[in-house]
Amino acid sequence: MGDYDVETAFLGQMGPYFWVTFFLLNTVFVSTGFNGLYIIFAGAAPKHSCLIPDVNLTEEWRNAIIPFIIMGGEEVQSQCSRYNLTVVKDFSDEGYIPGRDINLTTLPQEGCLDGWNYSKDIYQSTIVTEWNLVCENHWKVPFASSTLFVGYLFGSLISGQLSDRFGRKKVLFMSLAAQSFCVLLQSFSQSWRIFCVMFLFVGASQISIYISGFVLGTELLSKTMRVLFTTLGAFLFYCIGYMTLPWIAYGIRDWRALLAVLSATSVVYIPLWWFIPESPRWLLIQGRKTEAEAIVRDAARRNKVQAPSVLFKESEVEKIPAGKKYTMLDVLRSSKVRCITMMCLLLWMAINIGYFGLSLNTSNLSGNPYMNCFISAITEVPAYIVSTCLLRKCPRRAILSTFLIIGGGVLLLIQFIPDTLHYVALALEMTGKFGFTMAFTIVYIYTAEIYPTVLRNVGMGMCSSAARIGSITAPYVIYLGTYNKVLPYILMGSLTIASSVVNFFLPETFNKDLPETVEQMQECRGFCGRSEKKKYFENGASRKRPILQEEASEVQTLSL
């Protein structure tokens with residue numbers, strides 16, 4: 001097979017076929033937006049207190065049986081304990097008045113032995129109210145959230161191999177069906193354990209949708225449309241789904257009904273099977289030349305151009321000596337590569353902890369949780385647009401450090417905002433979300449440009465694994481807010497500021513040649529070694545080629 005882009009150049013760059021394919025593929029990413037973060041509402045914890053059974057208590061004792069505790073500097077009613085019911089009933093029967101005749105602080109306390117009362121002002125039902133995931137079982141909520149990201153990890157490992165074997169289109173629609181089916185089964189979960197198991201499969205199928213759709217788009221679209229698709233289109237349509245989620249959840253306050261409705265939305269993608277073609281590149285690799293030609297000729301008809309009589313010429317297969325196979329061990333052997341990789345791993349972990357931490361925290365913020373989630377989602381839209389523009393004109397290291405400092409700095413400021421100014425705290429958190437989204441987008445391209453071609457796949461794979469570890473950790477970082485509400489902000493802010501400092505030691509890649517070999521990467525200036533540029537060129541190395549924007553953007557697929 002010759003050069004596919006050259007042999008299909010007659011299709012042009014911006015024809016109707018490419019635009020229709022662009023929008024149809026992007027609509028698939030809408031489902032990843034609202035199916036990935038419904039745990040924000042399904043796992044929300046309403047206000048609650050110990051259930052007091054229907055026993056003979058005076059009104060004064062029924063109101064006083066819940067003790068007050070100090071939380072976050074405020075005196076609030078305990079959510080996990082009550083005064084001993086037997087003792088309180090005896091005092092009530094004897095006619096004592098709480099606070100006047102009896103010093104409440106001397107009374108023994110007990111747990112919520114009869115269950116809890118949950119407020120229904122916002123949520124009618126969540127997994128928290130369904131299975132009493134509060135107090136000593138509160139840890140089960142972040143655990144459930146983390147199973148989604150564990151599914152991301154497993155799904156990212158197998159989806160690429162499946163799409164290489166069975167085709168991008170088949171795996172994309174199989175993943176859509178699997179996601180819908182798993183979410184539907186999850187809505188019928190009879191226990192927290194089953195919910196977590198199904199959430200793992202939801203995560204695996206969801207990341208498979210993203211990866212297979214991402215690969216299919218890069219292989220179907222022209223070079224011009226490919227850049228737009230990989231750097232902006234997929235992310236913006238994900239945001240559309242993310243912004244849609246709170247409105248659906250606002251109308252459906254029961255978690256089981258919410259999941260059932262979300263799973264049913266995948267039905268709208270069934271007609272797309274007849275409009276989205278298989279990747280001609282993959283078909284050619286599989287030797288299915290006739291099917292590939294049929295797709296390209298249909299594209300020519302839609303673009304109203306004349307296709308040549310012979311599309312794909314059989315090129316002579318040249319025997320190329322097998323090159324060295326690079327693995328993770330090669331990353332560890334070189335001190336320069338090893339140190340740069342360690343810094344990249346820290347960057348990816350910190351950014352993912354911050355991004356997913358703030359995304360999952362919207363239900364814990366003051367104010368309306370549905371509006372908070374919508375604002376959090378809409379904040380990402382300008383971030384994606386601005387980052388795409390800045391990547392074309394600005395140094396990577398400078399803009400990445402800038403937005404890491406913005407994201408981490410505002411989180412550290414939140415602890416100084418009084419509770420009465422919750423709108424200011426919300427604005428700061430959304431500013432932090434904007435910074436993390438910018439950093440999330442930039443770090444993909446930046447890391448791809450740092451690694452040489454021979455190590456790029458390995459390096460991006462390691463960074464992707466670090467990102468998954470960060471996202472798995474994020475729910476537990478938010479869980480720390482149950483002990484002190486500012487603790488998650490301090491932790492995320494400090495980690496982000498530290499990563500911005502580490503970022504200054506990474507080499508700059510803007511307007512630099514893309515390294516091909518490990519030796520060429522060694523000349524990058526950074527924290528872990530001195531430049532070997534002079535020595536390298538004295539040995540007669542060839543000049544490196546300049547980086548292409550579309551090539552760097554395509555590398556995002558490897559890191560997903």
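**Ground rules.** I'm working with a predicted model, where local features need pLDDT of at least 70, side-chain atom pairs count only at pLDDT 80 or more, and totals for chains, interfaces and linings use all residues. Residues are numbered from 1 along each chain as its sequence is written, and side-chain values use heavy atoms, with hydrogens and water left out.

**Whole chain.** I looked up the secondary structure and got 25 helices and 6 strands for the protein chain. Helices (H or I, at least four residues) and strands (E, at least two) are DSSP runs, numbered from the N terminus. The protein chain has 560 residues, and 54% of them are buried. Buried means under 20% relative accessible area, exposed means over 50%, and partly exposed is in between (1.4 Å probe, protein chains only). The chain exposes about 25300 Å², with 62% of that supplied by carbon and sulfur atoms. Those areas come from the Shrake-Rupley method with a 1.4 Å probe; for residues, only the protein chains shown count as cover. I also checked contacts (heavy atoms within 4.5 Å). Of those between residues at least 6 apart in sequence, 81% join residues at least 24 apart.

**Disulfides.** How many disulfides does a search of the whole structure find? I get 2, counting pairs of cysteine sulfur atoms within 2.5 Å.

Cys50 and Cys112 make one of them, with sulfur atoms 1.8 Å apart. Cys50 sits in strand S1 (residues 48-50) and Cys112 in the loop between strands S5 (109-111) and S6 (116-118), so I'm looking at distant parts of the chain, 62 residues apart. The S-S torsion is about -65 degrees, which means this disulfide is left-handed. Both Cys50 and Cys112 are buried.

Cys80 and Cys135 are bonded too, sulfur to sulfur at 2.0 Å. Cys80 is in the loop between strands S3 (74-77) and S4 (81-83), while Cys135 is in the loop between helices H6 (127-131) and H7 (140-166), 55 residues apart. The link of Cys80 and Cys135 is left-handed, with -100 degrees about the S-S bond. Cys80 is partly exposed because its relative accessibility is 35%, while Cys135 counts as buried at 19%.

Cys389 is partly exposed, at 46% relative accessibility.

**Helix H15.** H15 is mostly covered, with 20 of its 26 residues buried.

**Salt bridges.** I count 10 in the structure, each a side-chain nitrogen of Lys or Arg within 4 Å of a carboxyl oxygen of Asp or Glu.

- Arg168 pairs with Glu219, closest N and O atoms 2.9 Å apart. Arg168 is in helix H8 (residues 168-187) and Glu219 in helix H9 (residues 192-220), so the pair ties together parts 51 residues apart in sequence. Both Arg168 and Glu219 are buried.
- Asp101 meets Arg100 at 3.3 Å, N to O. Arg100 is exposed at 64%, while Asp101 is partly exposed at 36%.
- Glu291 pairs with Arg288 at 2.8 Å between closest N and O atoms. I also noted one network, in which salt bridges with shared partners join Arg82, Glu110 and Asp114.
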